[in-house]
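Notebook open, going through side-chain contacts today.

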Amino acid sequence: MAGLESESSEGAVFLMTSLEAVYGEAVNIPRFEPLEELVSCIMSQHGSDVFTYPAFTRLRETFPDWADVMAAGPERVAEVIRDAGLANQKARSILSVLGAIHARFGAYTLDPIYGMETDEAYDWLLSLPGVGPKTSSLVLSFSFGRHRVPVDTHVGRVAARWGLIPPKTNDAKAHLLLNALCPPGTAYRFHAALIQHGRLTCGAKKPDCPRCAVRTTCRYFREGEYVS
């Protein structure tokens with residue numbers, strides 16, 4: 001695309017819509033209520049969805065109320081979520097997060113976030129134990145429909161290779177840059193499009209550049225980093 005500036009809102013929209021032409025436009029249908037989304041995100045850190053979702057389901061079936069989780073204590077919670085990996089660490093984080101939420105809101109709920117400004121909610125979620133930029137952004141984007149771009153390994157890799165952000169941009173900086181580049185209302189779509197591309201075409205070890213729909217505008221391909 002002649003005259004396209006990669007590190008720009010126009011570049012972000014071009015990349016997103018070009019990938020949506022291949023994979024389709026994603027529609028955000030919340031899978032959990034907000035607190036469930038937060039806990040499931042904590043459980044998914046450094047793990048695979050293949051193991052995380054069954055472990056999360058087992059947690060909710062074992063402890064129907066969040067108060068039951070708190071009453072169970074870290075050892076019992078870790079036992080229930082063992083298959084998610086790093087169970088002891090995640091159990092402590094879950095209990096600490098639930099305690100902080102109850103202390104702030106007087107109940108085990110994130111519903112008061114509906115009344116917060118996005119930046120305030122983002123910063124408060126970041127203050128919780130075990131919550132980083134990706135988890136905070138995921139909860140706000142997926143559960144509240146807010147403008148926050150979650151940057152996982154796929155999103156960060158595709159954005160850097162194509163040229164939206166500099167190579168080797170750290171996690172916190174990538175979130176700031178991509179959130180600023182994406183126009184309001186596009187955060188979820190952008191996240192979903194780049195995840196699909198990262199999973200199906202732009203793999204970490206061997207990207208399938210010949211099959212890539214955006215290779216002619218991609219910095220990684222144009223600068224000759226691709227090796228067949």
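Before I start: I call a residue buried under 20% relative accessible area, exposed over 50%, and partly exposed in between. Also a reminder to myself that this is a predicted model.

Entry 1, aromatic rings. I looked up the aromatic pairs and got five. One of them is Phe-32 with Phe-56, a tilted pair with 4.9 Å centre to centre and 55 degrees between the planes. I checked where the two sit: Phe-32 is in the loop between helix H1 and helix H2, Phe-56 is in helix H3, and they are 24 residues apart. Phe-32 has 21% relative accessibility, so I put it down as partly exposed. Phe-56, at 3%, goes down as buried.

Next I took Phe-142 and Tyr-188. Their planes are at 70 degrees and their centres 5.3 Å apart, so I logged the pair as edge-to-face. Phe-142 belongs to helix H8 and Tyr-188 to helix H11, so this pair ties together parts 46 residues apart in sequence. Phe-142 is buried, with a relative accessible area of 15%.

I found Arg-60 over the face of Trp-66, at 4.0 Å from the ring centre. I also found the charged end of Arg-161 over the ring of Tyr-220, 4.7 Å from its centre.

How many disulfides does the structure hold? I got zero. For Cys-182, the nearest cysteine sulfur is that of Cys-202, 16 Å away. Cys-182 is buried, at 4% relative accessible area. For Cys-218 the nearest one is the sulfur of Cys-212, at 6.1 Å. A disulfide needs the sulfurs within 2.5 Å, and Cys-218 is in none. I have Cys-218 as buried too, with 9% relative accessibility.

Note on methods: Residues are numbered from 1 along each chain as its sequence is written. This is a predicted model: local features need pLDDT of at least 70, side-chain atom pairs count only at pLDDT 80 or more; totals for chains, interfaces and linings use all residues. Side-chain values use heavy atoms; hydrogens and water are left out. Buried means under 20% relative accessible area, exposed over 50%, partly exposed in between (1.4 Å probe, protein chains only). Rings of Phe, Tyr and Trp (its six-membered ring) pair if their centres lie within 6.5 Å; planes under 30 degrees apart count as stacked, over 60 as edge-to-face and the rest as tilted. Helices (H or I, at least four residues) and strands (E, at least two) are DSSP runs, numbered from the N terminus. A charge sits over a ring if NZ of Lys or CZ of Arg is within 6 Å of the ring centre and within 35 degrees of the ring normal.
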